[in-house]
Amino acid sequence: MSASGSGKSPASCHGAKDGFVRVRKRDLEKLTTEVMQLREFLPRVLNRHLIEMLHKAQGAQRMKEHHEQEQERLRQECLHLQSRLDAVQTECQKEREEKLLLREQLWQSGAELEQQADFCSGLGSAACSLLWSCSAGEHTVTQWLADGKLQSFLTVAAQTLESFVRSLDEEVKTQTEDHNSQEHQFVLALAGTITNIAAVMCGRDFLSSSAHGLLDTLMNLLELMKPGVFPKLKVLMLMALYNVSISVKGLRYISENPGLLSLIWTLLDDGDWEVCLHALRLLQSVLLEEEVPLVLGSSLQDPDLQARVSRLTSAAQPSLRLAAQQTLEDLLALQ
(Lines give C-alpha, C1' and ligand atoms only; values in the text may rest on other atoms or scores of the structure.)
Protein backbone atom coordinates (compact mmCIF):
# COMPACT_ATOMS: atom_id res chain seq x y z
CA MET A 1 0.00 0.00 0.00
CA SER A 2 2.76 2.31 0.89
CA ALA A 3 4.45 1.76 -2.52
CA SER A 4 1.42 2.64 -4.63
CA GLY A 5 0.67 5.66 -2.53
CA SER A 6 3.88 7.43 -3.64
CA GLY A 7 2.22 8.44 -7.03
CA LYS A 8 5.32 7.51 -9.11
CA SER A 9 6.26 4.11 -10.56
CA PRO A 10 9.84 3.02 -11.00
CA ALA A 11 9.42 3.18 -14.75
CA SER A 12 8.21 6.73 -14.76
CA CYS A 13 11.00 7.79 -12.53
CA HIS A 14 13.51 6.14 -14.82
CA GLY A 15 11.86 7.79 -17.85
CA ALA A 16 12.20 11.17 -16.26
CA LYS A 17 15.79 10.45 -15.53
CA ASP A 18 16.41 9.44 -19.15
CA GLY A 19 14.71 12.58 -20.59
CA PHE A 20 11.09 11.45 -20.97
CA VAL A 21 8.22 13.66 -19.97
CA ARG A 22 4.75 12.61 -19.03
CA VAL A 23 2.18 14.33 -21.21
CA ARG A 24 -1.50 14.13 -21.06
CA LYS A 25 -3.15 12.41 -23.89
CA ARG A 26 -5.32 15.37 -24.61
CA ASP A 27 -2.34 17.69 -24.84
CA LEU A 28 -0.57 15.21 -27.09
CA GLU A 29 -3.54 15.04 -29.40
CA LYS A 30 -3.71 18.82 -29.48
CA LEU A 31 0.00 19.06 -30.28
CA THR A 32 -0.41 16.41 -32.96
CA THR A 33 -3.27 18.34 -34.47
CA GLU A 34 -1.26 21.55 -34.52
CA VAL A 35 1.73 19.82 -36.14
CA MET A 36 -0.51 18.36 -38.81
CA GLN A 37 -2.02 21.79 -39.41
CA LEU A 38 1.43 23.28 -39.72
CA ARG A 39 2.43 20.57 -42.16
CA GLU A 40 -0.66 21.33 -44.16
CA PHE A 41 -0.57 25.15 -44.12
CA LEU A 42 3.16 25.92 -43.88
CA PRO A 43 3.91 24.99 -47.50
CA ARG A 44 1.06 27.24 -48.57
CA VAL A 45 2.53 30.15 -46.63
CA LEU A 46 6.22 29.52 -47.20
CA ASN A 47 5.98 29.43 -51.02
CA ARG A 48 8.41 30.79 -53.61
CA HIS A 49 6.59 34.12 -53.86
CA LEU A 50 7.01 34.73 -50.14
CA ILE A 51 10.67 33.79 -50.28
CA GLU A 52 11.17 36.15 -53.23
CA MET A 53 9.40 38.87 -51.29
CA LEU A 54 11.67 38.22 -48.32
CA HIS A 55 14.71 38.43 -50.57
CA LYS A 56 13.37 41.63 -52.09
CA ALA A 57 12.70 43.02 -48.66
CA GLN A 58 16.23 42.19 -47.61
CA GLY A 59 17.54 43.76 -50.82
CA ALA A 60 15.39 46.83 -50.25
CA GLN A 61 16.73 47.06 -46.72
CA ARG A 62 20.28 46.86 -47.97
CA MET A 63 19.46 49.43 -50.68
CA LYS A 64 17.93 51.67 -48.05
CA GLU A 65 21.05 51.40 -45.92
CA HIS A 66 23.20 52.12 -48.99
CA HIS A 67 21.06 55.15 -49.87
CA GLU A 68 21.28 56.40 -46.34
CA GLN A 69 25.06 56.06 -46.45
CA GLU A 70 25.16 57.78 -49.86
CA GLN A 71 22.85 60.50 -48.61
CA GLU A 72 25.10 61.05 -45.63
CA ARG A 73 28.14 61.20 -47.91
CA LEU A 74 26.39 63.68 -50.20
CA ARG A 75 25.33 65.74 -47.22
CA GLN A 76 28.92 65.91 -46.00
CA GLU A 77 30.10 66.78 -49.50
CA CYS A 78 27.40 69.44 -49.75
CA LEU A 79 28.54 70.91 -46.44
CA HIS A 80 32.12 70.91 -47.76
CA LEU A 81 31.08 72.60 -51.00
CA GLN A 82 28.98 75.12 -49.10
CA SER A 83 32.01 75.91 -46.98
CA ARG A 84 34.15 76.37 -50.08
CA LEU A 85 31.42 78.51 -51.70
CA ASP A 86 31.29 80.75 -48.67
CA ALA A 87 35.08 81.10 -48.77
CA VAL A 88 35.05 81.86 -52.51
CA GLN A 89 32.24 84.39 -52.12
CA THR A 90 34.15 86.09 -49.34
CA GLU A 91 37.27 86.19 -51.51
CA CYS A 92 35.23 87.42 -54.50
CA GLN A 93 33.74 90.20 -52.43
CA LYS A 94 37.20 91.14 -51.24
CA GLU A 95 38.53 91.18 -54.79
CA ARG A 96 35.53 93.26 -55.90
CA GLU A 97 36.23 95.82 -53.24
CA GLU A 98 39.91 95.84 -54.22
CA LYS A 99 38.92 96.24 -57.88
CA LEU A 100 36.70 99.19 -57.06
CA LEU A 101 39.52 100.71 -55.04
CA LEU A 102 42.00 100.15 -57.88
CA ARG A 103 39.53 101.61 -60.37
CA GLU A 104 39.17 104.69 -58.25
CA GLN A 105 42.94 104.95 -57.91
CA LEU A 106 43.29 104.46 -61.68
CA TRP A 107 40.77 107.22 -62.31
CA GLN A 108 42.63 109.52 -59.92
CA SER A 109 45.95 108.60 -61.56
CA GLY A 110 44.44 109.25 -65.00
CA ALA A 111 43.17 112.62 -63.88
CA GLU A 112 46.58 113.46 -62.42
CA LEU A 113 48.31 112.22 -65.55
CA GLU A 114 46.03 114.34 -67.71
CA GLN A 115 46.82 117.35 -65.57
CA GLN A 116 50.53 116.60 -65.87
CA ALA A 117 50.16 116.15 -69.63
CA ASP A 118 48.37 119.48 -69.90
CA PHE A 119 51.07 121.08 -67.79
CA CYS A 120 53.84 119.53 -69.90
CA SER A 121 52.05 120.56 -73.09
CA GLY A 122 51.74 124.09 -71.79
CA LEU A 123 55.35 124.15 -70.68
CA GLY A 124 56.53 122.66 -73.97
CA SER A 125 54.42 125.09 -75.94
CA ALA A 126 55.76 128.04 -74.00
CA ALA A 127 59.37 126.82 -74.20
CA CYS A 128 59.19 126.11 -77.92
CA SER A 129 57.52 129.44 -78.54
CA LEU A 130 60.52 131.07 -76.87
CA LEU A 131 62.84 128.95 -79.00
CA TRP A 132 60.91 129.98 -82.09
CA SER A 133 61.34 133.64 -81.20
CA CYS A 134 65.02 133.25 -80.29
CA SER A 135 65.81 131.30 -83.45
CA ALA A 136 64.85 134.33 -85.53
CA GLY A 137 68.27 135.78 -84.71
CA GLU A 138 71.18 134.51 -86.78
CA HIS A 139 73.57 134.76 -83.86
CA THR A 140 71.33 132.43 -81.82
CA VAL A 141 71.50 129.65 -84.44
CA THR A 142 75.24 130.18 -84.72
CA GLN A 143 75.56 129.82 -80.96
CA TRP A 144 73.45 126.66 -80.98
CA LEU A 145 75.71 125.13 -83.58
CA ALA A 146 78.77 126.12 -81.57
CA ASP A 147 77.33 124.45 -78.46
CA GLY A 148 76.87 121.17 -80.35
CA LYS A 149 73.35 120.58 -78.98
CA LEU A 150 71.44 121.26 -82.18
CA GLN A 151 71.60 117.66 -83.44
CA SER A 152 69.84 116.24 -80.38
CA PHE A 153 67.19 118.95 -80.58
CA LEU A 154 66.48 118.19 -84.24
CA THR A 155 66.19 114.48 -83.48
CA VAL A 156 63.64 115.11 -80.73
CA ALA A 157 61.79 117.61 -82.92
CA ALA A 158 61.50 115.10 -85.79
CA GLN A 159 60.23 112.39 -83.44
CA THR A 160 57.70 114.77 -81.88
CA LEU A 161 56.35 115.94 -85.22
CA GLU A 162 56.07 112.38 -86.48
CA SER A 163 54.32 111.24 -83.30
CA PHE A 164 51.88 114.13 -83.54
CA VAL A 165 50.91 113.43 -87.15
CA ARG A 166 50.77 109.64 -86.88
CA SER A 167 48.71 109.73 -83.68
CA LEU A 168 45.84 111.36 -85.53
CA ASP A 169 43.15 108.92 -86.62
CA GLU A 170 41.32 109.27 -89.89
CA GLU A 171 38.39 111.14 -88.34
CA VAL A 172 40.64 113.80 -86.83
CA LYS A 173 42.71 114.11 -90.00
CA THR A 174 39.63 115.09 -91.98
CA GLN A 175 38.49 117.72 -89.48
CA THR A 176 39.66 121.28 -88.95
CA GLU A 177 42.30 121.37 -86.24
CA ASP A 178 42.06 123.34 -83.02
CA HIS A 179 44.49 126.21 -83.61
CA ASN A 180 44.41 127.22 -79.97
CA SER A 181 45.33 123.82 -78.50
CA GLN A 182 48.63 123.71 -76.63
CA GLU A 183 49.69 120.60 -78.54
CA HIS A 184 49.13 122.30 -81.86
CA GLN A 185 51.02 125.39 -80.72
CA PHE A 186 53.80 123.11 -79.50
CA VAL A 187 54.33 121.43 -82.88
CA LEU A 188 53.94 124.74 -84.70
CA ALA A 189 56.71 126.20 -82.56
CA LEU A 190 58.94 123.19 -83.28
CA ALA A 191 58.35 123.49 -87.02
CA GLY A 192 58.87 127.26 -86.86
CA THR A 193 62.17 126.80 -85.04
CA ILE A 194 63.35 124.34 -87.70
CA THR A 195 62.29 126.82 -90.40
CA ASN A 196 64.29 129.63 -88.75
CA ILE A 197 67.34 127.38 -88.42
CA ALA A 198 67.11 126.60 -92.13
CA ALA A 199 66.79 130.31 -92.91
CA VAL A 200 70.34 130.92 -91.61
CA MET A 201 73.17 129.89 -93.93
CA CYS A 202 75.09 127.92 -91.31
CA GLY A 203 71.82 126.33 -90.18
CA ARG A 204 70.74 125.10 -93.63
CA ASP A 205 74.26 123.86 -94.33
CA PHE A 206 74.04 121.82 -91.14
CA LEU A 207 70.60 120.47 -92.08
CA SER A 208 71.79 119.63 -95.59
CA SER A 209 74.74 117.61 -94.35
CA SER A 210 73.81 116.28 -90.89
CA ALA A 211 70.00 116.19 -90.65
CA HIS A 212 68.87 114.01 -93.54
CA GLY A 213 66.55 112.10 -91.20
CA LEU A 214 64.73 115.30 -90.33
CA LEU A 215 64.33 116.25 -93.99
CA ASP A 216 62.94 112.81 -94.83
CA THR A 217 60.54 113.07 -91.89
CA LEU A 218 59.24 116.45 -93.06
CA MET A 219 58.52 115.13 -96.56
CA ASN A 220 56.91 111.94 -95.24
CA LEU A 221 54.65 113.86 -92.87
CA LEU A 222 53.58 116.27 -95.58
CA GLU A 223 52.54 113.26 -97.63
CA LEU A 224 50.60 111.73 -94.71
CA MET A 225 48.58 114.85 -93.87
CA LYS A 226 45.33 115.11 -95.77
CA PRO A 227 44.37 118.18 -97.86
CA GLY A 228 43.06 121.12 -95.86
CA VAL A 229 44.30 119.79 -92.52
CA PHE A 230 46.86 121.71 -90.39
CA PRO A 231 47.74 124.20 -93.15
CA LYS A 232 49.95 126.31 -90.86
CA LEU A 233 52.03 123.29 -89.96
CA LYS A 234 52.32 122.35 -93.64
CA VAL A 235 53.38 125.88 -94.53
CA LEU A 236 56.13 125.87 -91.89
CA MET A 237 57.47 122.50 -93.02
CA LEU A 238 57.41 123.60 -96.67
CA MET A 239 59.23 126.80 -95.73
CA ALA A 240 61.87 124.72 -93.95
CA LEU A 241 62.34 122.53 -97.03
CA TYR A 242 62.48 125.62 -99.24
CA ASN A 243 65.12 127.22 -97.01
CA VAL A 244 67.18 124.03 -97.15
CA SER A 245 66.82 123.96 -100.95
CA ILE A 246 68.67 127.29 -101.11
CA SER A 247 71.77 125.25 -100.32
CA VAL A 248 72.97 123.33 -103.38
CA LYS A 249 73.76 120.32 -101.25
CA GLY A 250 70.35 120.50 -99.59
CA LEU A 251 68.51 120.86 -102.91
CA ARG A 252 70.30 117.86 -104.35
CA TYR A 253 69.36 115.73 -101.38
CA ILE A 254 65.72 116.82 -101.46
CA SER A 255 65.44 116.27 -105.21
CA GLU A 256 66.81 112.73 -104.85
CA ASN A 257 63.74 111.79 -102.81
CA PRO A 258 61.59 109.69 -105.20
CA GLY A 259 58.36 111.03 -103.74
CA LEU A 260 59.18 114.73 -104.05
CA LEU A 261 57.23 115.47 -107.24
CA SER A 262 54.20 113.40 -106.23
CA LEU A 263 54.22 115.28 -102.92
CA ILE A 264 54.28 118.65 -104.70
CA TRP A 265 51.44 117.53 -106.99
CA THR A 266 49.32 116.64 -103.97
CA LEU A 267 50.07 119.91 -102.17
CA LEU A 268 49.13 121.93 -105.25
CA ASP A 269 45.56 120.63 -104.77
CA ASP A 270 45.56 121.11 -101.01
CA GLY A 271 42.83 123.76 -100.99
CA ASP A 272 44.71 126.19 -98.74
CA TRP A 273 46.26 128.90 -100.85
CA GLU A 274 49.32 129.35 -98.61
CA VAL A 275 50.14 125.64 -98.84
CA CYS A 276 49.84 125.85 -102.65
CA LEU A 277 52.03 128.97 -102.68
CA HIS A 278 54.88 127.37 -100.73
CA ALA A 279 54.60 124.16 -102.73
CA LEU A 280 55.08 126.28 -105.88
CA ARG A 281 58.10 128.00 -104.33
CA LEU A 282 59.66 124.65 -103.52
CA LEU A 283 59.01 123.54 -107.11
CA GLN A 284 60.56 126.77 -108.42
CA SER A 285 63.66 126.14 -106.33
CA VAL A 286 63.95 122.70 -107.89
CA LEU A 287 63.55 124.08 -111.42
CA LEU A 288 66.20 126.82 -110.97
CA GLU A 289 69.02 124.36 -110.36
CA GLU A 290 70.39 123.18 -113.69
CA GLU A 291 71.38 119.70 -112.58
CA VAL A 292 68.13 118.84 -110.79
CA PRO A 293 65.87 118.77 -113.87
CA LEU A 294 68.31 116.33 -115.43
CA VAL A 295 67.96 114.08 -112.37
CA LEU A 296 64.15 114.27 -112.33
CA GLY A 297 63.96 113.75 -116.09
CA SER A 298 60.65 113.82 -117.89
CA SER A 299 58.62 114.00 -114.67
CA LEU A 300 58.89 117.78 -114.74
CA GLN A 301 57.41 117.81 -118.27
CA ASP A 302 54.35 115.82 -117.26
CA PRO A 303 51.22 117.54 -118.68
CA ASP A 304 49.32 116.88 -115.44
CA LEU A 305 51.87 118.87 -113.47
CA GLN A 306 51.63 121.76 -115.91
CA ALA A 307 47.83 121.59 -115.77
CA ARG A 308 47.79 121.86 -112.01
CA VAL A 309 50.15 124.81 -112.05
CA SER A 310 48.15 126.42 -114.86
CA ARG A 311 44.92 126.24 -112.82
CA LEU A 312 46.60 128.27 -110.08
CA THR A 313 47.41 131.10 -112.48
CA SER A 314 43.81 132.22 -112.12
CA ALA A 315 43.81 132.11 -108.31
CA ALA A 316 42.27 134.97 -106.35
CA GLN A 317 45.38 135.66 -104.23
CA PRO A 318 47.88 137.80 -106.20
CA SER A 319 50.97 136.22 -104.67
CA LEU A 320 49.74 132.72 -105.52
CA ARG A 321 48.75 133.78 -109.02
CA LEU A 322 52.17 135.37 -109.65
CA ALA A 323 54.07 132.35 -108.32
CA ALA A 324 51.98 130.03 -110.53
CA GLN A 325 52.71 132.14 -113.63
CA GLN A 326 56.44 132.14 -112.92
CA THR A 327 56.49 128.41 -112.25
CA LEU A 328 54.54 127.68 -115.42
CA GLU A 329 57.04 129.70 -117.44
CA ASP A 330 59.89 127.71 -115.87
CA LEU A 331 58.16 124.44 -116.73
CA LEU A 332 57.58 125.51 -120.33
CA ALA A 333 61.19 126.62 -120.59
CA LEU A 334 62.32 123.08 -119.94
CA GLN A 335 60.79 122.07 -123.27
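Guide: A definition comes before the helices: a crossing is left-handed if the near helix is turned anticlockwise from the far one by less than a right angle. The model shown is predicted.

Visitor: What is the crossing of α10 and α13 called?

Guide: α10 passes α13 in a left-handed crossing. The helices α10 and α13 (residues 273-288) pack at an angle of about 15 degrees, and their axes are 9 Å apart.

Visitor: Why is α10 called roughly parallel to α13?

Guide: Angles under 35 degrees count as roughly parallel. The angle here is about 15 degrees, so α10 is roughly parallel to α13.

Visitor: Which residues of α10 and α13 meet?

Guide: In α10 they include Val-235, Leu-238 and Tyr-242, and in α13 they include Val-275, His-278 and Leu-282. By class, this contact of α10 with α13 has nine nonpolar, three polar and three charged residues.

Visitor: What makes α7 and α10 roughly parallel to each other?

Guide: The axes of α7 (residues 182-199) and α10 (residues 231-245) cross at roughly 20 degrees and come within 8 Å. The cut-off for roughly parallel is under 35 degrees, and α7 and α10 are therefore roughly parallel to each other. Their crossing is left-handed.

Visitor: Which residues make the contact of α7 and α10?

Guide: Among them are Leu-188, Ala-191 and Thr-195 of α7, and Leu-233, Leu-236 and Asn-243 of α10.

Visitor: How do the residues of the contact of α7 with α10 divide?

Guide: Twelve are nonpolar, three polar and one charged.

How values were computed:
Residues numbered from 1 in each chain as written. Predicted model: local features only at pLDDT ≥ 70, side-chain atom pairs only at ≥ 80, totals over all residues. Heavy atoms only, no water. Axes fitted to C-alpha atoms, helices over the stretch in contact; angles between N-to-C directions. Helix = DSSP H or I, 4+ residues; strand = E, 2+ residues; numbered from the N terminus. Parallel < 35°, antiparallel > 145°, perpendicular 65-115°, else oblique. Contact = heavy atoms within 4.5 Å. Nonpolar A, V, L, I, M, F, W, Y, C, P; charged D, E, K, R; others polar.
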